[in-house]
Amino acid sequence: MTHSESMTPLKHLVKVLQLGTPSPHRDHTYINGESLYFPTGRVYGGQVIAQSVIAAAKTVPGGRLPHSVHGYFIAAGDIHQDVLFDVETLRDGHSFSSRRVNVTQAQGPILTAIASFQETGQRGVEFADPMPADVPGPEGLTSAKQLMEPYAEKSPFADFYASKSPFDIRHVTPTIMLGADHKSADRDSGRQMVWMKADGTADVPQVMHRAMLALGCDQIMMEPVLRRAGLSISTPGISYASIDHSMWWYRDIDINQWHLYVQDTPTAAHGRGLALAKVYSRDGELVAVMAQEAMIRVPDKTLETLQSGSETSNTAA
């Protein structure tokens with residue numbers, strides 16, 4: 001077996017998230033990292049969010065895990081360049097640690113993020129929204145890898161999901177990878193449910209599991225907006241990019257196990273759409289919540305068609 005054959009997408013992801021050796025200077029710590037392949041040629045947003053969490057985690061006292069991260073994407077990065085993480089120590093309190101992470105490449109900043117860490121084992125009030133009932137299990141659903149494999153030779157995106165993604169993604173609701181979900185658009189709904197787990201087994205510490213969840217979720221976070229708008233990732237002329245991303249972890253993650261993403265979108269306007277997700281473990285625990293705003297643009301003719309279709313549906317109703 002050659003090195004390339006043994007280096008699966010999951011193993012490569014773990015390697016990329018480990019980052020380089022920290023170099024402290026006063027209240028700042030500088031850490032270098034490499035980039036993952038992504039078919040756009042731009043640095044994948046989920047990658048730098050996940051790496052920022054790992055970079056910040058390298059500077060906090062032991063026994064503290066990330067409980068939230070808030071990132072703002074400034075510019076597109078180049079996947080052919082390494083990325084530099086400048087972690088600024090803002091505060092280390094009795095229970096919480098706060099860090100600011102500025103991510104740069106040769107052309108300048110690409111992301112700025114705030115991450116917060118909490119001492120584990122703290123007591124307090126507890127409640128959570130329940131996982132939806134009667135959701136089909138992932139075993140009977142078709143993987144995105146199988147769905148995209150027939151198109152892999154024609155589309156870099158299809159090839160990525162078919163053979164290069166480190167995650168196994170299975171849609172409960174109809175996928176919009178291959179086309180728009182017109183039924184959901186007619187109902188003015190972006191609700192969807194997706195199962196996801198690592199494609200393989202990662203033996204990593206809890207902070208890495210949490211960072212990998214941050215990376216994995218970015219592969220599907222914009223889908224509710226596209227679904228409700230009657231679009232898909234293959235809509236001709238579409239362009240999209242993450243603007244910001246917020247995430248909160250409430251319970252430990254096992255990225256090797258299936259998690260159910262319960263997603264929705266409350267609004268879109270001015271070329272921007274907001275997507276929300278609640279993430280449940282297989283046994284029904286709400287482990288994380290996330291929100292992402294994205295820029296989504298389509299050609300004027302496509303937009304006019306969508307708007308006229310919406311007006312027709314409203315009139316018929």
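Angles between N-to-C directions run from 0 to 180 degrees, with axes being lines fitted to C-alpha atoms, for helices over the stretch in contact; angles under 35 degrees count as roughly parallel, over 145 as roughly antiparallel, 65 to 115 as roughly perpendicular and the rest as oblique. The model shown is predicted: local features need pLDDT of at least 70, side-chain atom pairs count only at pLDDT 80 or more, and totals for chains, interfaces and linings use all residues. Residues are numbered from 1 along each chain as its sequence is written, and side-chain values use heavy atoms, with hydrogens and water left out.

**View 1. Helix 3 against helix 7.** The axes of helix 3 and helix 7 come within 7 Å and cross at roughly 160 degrees (helices are DSSP runs of H or I with at least four residues, strands are runs of E with at least two, both numbered from the N terminus). The two helices are therefore roughly antiparallel to each other. Helix 3 contributes Gly-46, Gln-47, Ile-49, Ala-50, Val-53, Ile-54 and Ala-57 to the contact, and helix 7 contributes Val-207, Met-208, Ala-211, Ala-214 and Leu-215 (contact means heavy atoms within 4.5 Å). These residues divide into ten nonpolar, two polar and no charged (Ala, Val, Leu, Ile, Met, Phe, Trp, Tyr, Cys and Pro count as nonpolar, Asp, Glu, Lys and Arg as charged, and the others, Gly among them, as polar).

**View 2. Helix 2 across helix 7.** Helix 2 (residues 9-18) and helix 7 (residues 206-217) have axes that come within 11 Å and cross at roughly 110 degrees. That angle makes helix 2 roughly perpendicular to helix 7. On helix 2 the contact is made by Leu-10, Leu-13, Val-14, Leu-17 and Gln-18, and on helix 7 by Met-208, Met-212 and Leu-215. Seven of the residues in this contact are nonpolar, one is polar and none is charged.

**View 3. Helix 7 and its surroundings.** Helix 7 has twelve residues and reaches 17 Å from its first C-alpha to its last, close to the 16 Å expected at 1.5 Å a residue (the expected span is 1.5 Å times one less than the number of residues). Twelve of its twelve residues are buried, so helix 7 is largely enclosed by the rest of the structure (buried means under 20% relative accessible area, exposed over 50%, partly exposed in between, with a 1.4 Å probe and protein chains only).

**View 4. The loop residue Val-60.** Val-60 lies in the loop between helix 3 (45-57) and strand 3 (64-73). Val-60 counts as buried at 14% relative accessibility. Not counting residues up to four places away in sequence, Val-60 touches Ser-97, Arg-99 and Phe-117.
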